[in-house]
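Biologist: Please take one part of this model and look at it closely. I would like to know how it sits in the rest of the chain.

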Amino acid sequence: MSRSAHLSELQREFVALGAKPSHIRRLWRAWLGRAPWTAEEHASYPAGLARELPQIRGRLESLARFDLQESALSQESGKLLVMLPDGACVEAVLLPRRALCISTQVGCAVGCVFCMTGRGGLQRQLSSAEIAAQYVAALHVRPDIKKVVLMGMGEPSHNLSAVQEAVEFIGDVAGLAHKQIVVSTVGDERLFDALPAWSVKPALALSLHTTDFEKRRRLLKNAPALSPEYLLERTLHYAEAVKYPAQIEWTLLAGINDSFEEVERLADLVAGRYAMVNFIAVNTTKAADFKRPERSHIEDLITVLRQRGIVATLRESAAQDINGGCGQLRARRLAQHEAPVKAPSPLR
Ligand code: SF4
């Protein structure tokens, strides 16, 4: 069994050991913590599969382990440093209201200038098993998770087949409501084209951040050069087809994308459509001097949208106080071994 095998590869290996579909279902249930791993429970297994059971368990459980020393957990939320079998690490975030944010890649190639993860580039893809394993491991910390957002490190459209397998596992095998699985993207034709064929149709979040094409090119350096209007249209089209509202994500950077004019323009594009807007005030870090807008200004921006009939919220960043946003726990760990990545200058 390869350490970073995809779920489909693991399943093929189980079949090669004699597993029938009912055995595979029971193996997944044991991994999810919903059935015991004891030999009695698995007594009906073919001999080859039964013999390998301890090894299968060990390999599945090693796919994602939380480093609780480096993690920061509170009652309701917290960031988890996830150690992968090869020593690489990513982050997962427990969010309020029983939600979990997970990663899809080690690092990320999109290079958003306000994101710690984007500064280091892509290190490697996660396998579908490693993506799903973050959810499985989190169930052992918080068994009542009811929502999973693929919004951590990585761009899901850059690791599409693994993301599809993981989403289908979480929806079809683990049984999470499909609309409670949210795939977040900067917008990519490959994802828009693929989603309608998935057996599990997740909700879709578009990381838009601005309605200005040129500014978006500067903020999301390596995102596909698609216009905000086109990205919104594709996102809204999918949302209207699956009947879950599109989530428009907008990281607020003071003086850069927090003007009333820009938010009015966003309102022009989404008013009357099946969408909601989530503002996220940028995580302030020691490494970059992006600033959060004043709270009162954010509330005024939300009012602009609400007056146009648009559902709009400010999403509080989990664990802002302990190590900031996406990528910072991992960055701290890597800093113990490597020179830090130089921070970019803010854009004006
Ligand atoms: S914000 Fe998301 S898409 Fe942008 S660099 Fe960070 S992880 Fe990648």
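Modeller: A residue is called buried here if 20 or more other C-beta atoms lie within 10 Å of its own, and exposed if 12 or fewer do. The model is a predicted one, and the part I take is helix 5, residues 128–141.

Eleven of the 14 residues of helix 5 are buried, so this helix is largely enclosed by the rest of the structure. The buried residues are Ser 128, Ala 129, Glu 130, Ile 131, Ala 132, Ala 133, Gln 134, Tyr 135, Val 136, Ala 137 and Ala 138. An α-helix has 3.6 residues a turn, so residues three or four places apart point the same way. As for length, the 14 residues of helix 5 should span 20 Å at 1.5 Å a residue, and the end C-alpha atoms are 21 Å apart, which agrees.

For the setting, the chain has 13 helices and twelve strands. Of its 348 residues, 45% count as buried. Among contacts between residues at least 6 apart in sequence, 69% join residues at least 24 apart.

Asp 258 is in the loop between strand 10 (246–252) and helix 10 (260–270). Asp 258 counts as buried because 24 other C-beta atoms lie within 10 Å. Leaving aside neighbours within four places in sequence, Asp 258 is in contact with Leu 252, Leu 253, Pro 293, His 297 and Leu 301. The C-alpha atoms of Asp 258 and Ile 298 are separated by 8.0 Å, although these residues are 40 apart along the chain.

Another loop, between strand 3 (89–95) and strand 4 (99–102), holds Arg 97. Arg 97 counts as exposed because it has 8 C-beta neighbours inside 10 Å. Arg 98 is found in that loop between strand 3 and strand 4 too, and with 14 C-beta neighbours inside 10 Å it counts as partly exposed. Phi of Arg 97 is positive, near 60°, in a residue other than glycine. Arg 98 also has a positive phi, of about 60°, and is not a glycine.

Last, the confidence. The mean pLDDT of the chain is 89, and 86% of its residues reach 70 or more. Over residues 318–325 the pLDDT is below 50, and this stretch has 24 contacts in the model beyond near neighbours in sequence. Residues 337–348 also have a pLDDT below 50, with 17 such contacts.

Terms used: Residues numbered from 1 in each chain as written. Predicted model: local features only at pLDDT ≥ 70, side-chain atom pairs only at ≥ 80, totals over all residues. pLDDT = per-residue confidence, 0-100. Contact = placed C-beta atoms within 7 Å. Helix = DSSP H or I, 4+ residues; strand = E, 2+ residues; numbered from the N terminus. Expected span 1.5 Å × (residues − 1).
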